[in-house]
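Here's a quick briefing to read alongside the model.

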Amino acid sequence: MNDRRSTDSGLTRELAMELARVTEAAAVAAARLRGRGDEKAADQVAVDAMRAELNRLPIRGTVVIGEGERDEAPMLYIGEEVGLGHGPEVDIALDPLEGTTICAKNMPNSLAVISMASKGTLLFAPDVYMDKLAIGPGYPEGIVDIDADPADNIKALAKAKGVPVSEITACILDRPRHDEILAAVRSTGAAVRLIGDGDVAGIIDTTDPDVTGVDIYMGRGGAPEGVLAASALRCVGGQMQGRLILDTPEKVARAAKMGVSDPTRSYKMTELASGDVLFAATGVTDGNMLKGVKFAKNYIQTETIVMRSSSRTVREITARHQDVEKFN
């Protein structure tokens with residue numbers, strides 16, 4: 001590489017580190033309301049903090065995955081322009097508070113999450129459900145398939161990993177709609193880790209099974225979260241497939257307006273998030289990979305993971321913020 005710090009997209013190493021500041025600000029704001037039972041308030045302060053930090057960045061950014069459409073979300077809505085108005089043109093997918101219920105109940109794996117990619121390279125996904133299947137890096141392409149039986153995917157993954165099926169753990173959202181998937185996975189002898197919310201964290205957990213204990217993610221969750229998770233996997237070489245659930249004429253029409261011409265199409269990871277990608281996530285509550293925000297007497301401590309696809313770099317940042325006032 002001629003330039004160790006940048007790529008043709010303009011998504012530099014420095015910009016990747018600036019994203020950490022964006023998620024740190026959102027996480028700290030939300031963490032102040034952990035366990036208070038007010039999902040809307042926690043989400044709103046995270047949105048406010050993330051937007052303020054984004055508007056300090058030297059980018060020409062457009063939110064393509066956000067808090068909703070303009071009429072539904074006053075800030076960080078789909079189509080909102082953020083940044084200082086100069087620098088690289090980028091698409092932004094974000095969730096200022098992934099797991100609002102988790103935060104409100106002070107349960108594990110709530111995150112502040114953002115991804116940034118070259119203009120036009122993130123799937124412009126409507127706010128509908130998506131069937132998802134994800135595994136981490138190190139496996140041949142195509143060993144699992146979203147159209148295969150869940151039990152067959154578990155067996156194929158165990159074979160590729162070189163372990164008995166009993167040593168495979170699948171992460172699945174705890175929802176009645178997943179009863180058949182649960183039964184199929186358990187029929188193989190594999191373990192299941194049920195999560196109450198936060199499937200971005202669940203999918204990211206597949207990137208490091210030795211730490212998280214999660215080998216595969218499967219099930220149905222939000223499409224916007226699917227794009228965020230795919231951004232993270234792009235940076236570490238995992239695999240993911242997703243299919244939008246467009247089961248009503250209204251959803252098909254909404255998706256068509258966003259450029260989705262085939263409502264039955266399954267997307268690979270590189271179609272959900274292509275081009276050059278940056279990703280950052282900061283823990284709000286303690287989780288499998290990241291600890292939540294810690295409020296001490298004279299400092300605030302955060303844990304953040306920052307990823308960059310062009311260099312396949314993953315940085316884990318534990319920051320102690322002495323200047324507490326900047327978060328007030």
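Which residues are exposed on the other side of α5? They are E180 and S187, where exposed means over 50% relative accessible area, buried under 20% and partly exposed in between (1.4 Å probe, protein chains only). Keep in mind that this is a predicted model, in which local features need pLDDT of at least 70 and side-chain atom pairs count only at pLDDT 80 or more, while totals for chains, interfaces and linings use all residues. Residues are numbered from 1 along each chain as its sequence is written, and side-chain values use heavy atoms, with hydrogens and water left out.

**Helix α5**

- Helix α5 covers residues 179-187, and its buried residues are I181, L182, A184 and V185; helices (H or I, at least four residues) and strands (E, at least two) are DSSP runs, numbered from the N terminus.
- Those four span an arc of only 165° around the axis, so they sit on the same side of α5; the arc is that of the directions from the helix axis to the C-beta atoms.
- An α-helix has 3.6 residues a turn, so residues three or four places apart point the same way.
- The buried residues of α5 pack against α4 (150-161), β6 (169-173), β7 and β8.
- Just after α5, G189 has a positive phi of about 95°.

**The annotated binding site**

- UniProt (an unreviewed entry) puts "binding site" at E98, G99, T100, Y129, R175, P176, R177, D197, G198, D199 and G222; its positions are given in the numbering used here, feature names are shortened, and annotations may be inferred rather than shown by experiment.
- G198 is in the loop between β7 (191-195) and α6 (199-204), and is buried at 6% relative accessible area.
- Not counting residues up to four places away in sequence, G198 touches E98, I102 and L173, contact meaning heavy atoms within 4.5 Å.
- G222 belongs to strand β8 (residues 216-222) and is buried too, at 17%.

**D91**

- D91 lies in strand β3 (residues 89-98) and is buried, with 4% relative accessibility.
- The D91 side chain reaches the backbone nitrogen of G120 at 2.7 Å.
- A polar atom of the D91 side chain also lies 3.4 Å from the backbone nitrogen of T121.

Definitions and conventions: Polar contact = N/O pair within 3.5 Å; in protein donor to acceptor, adjacent residues only side chain to side chain.
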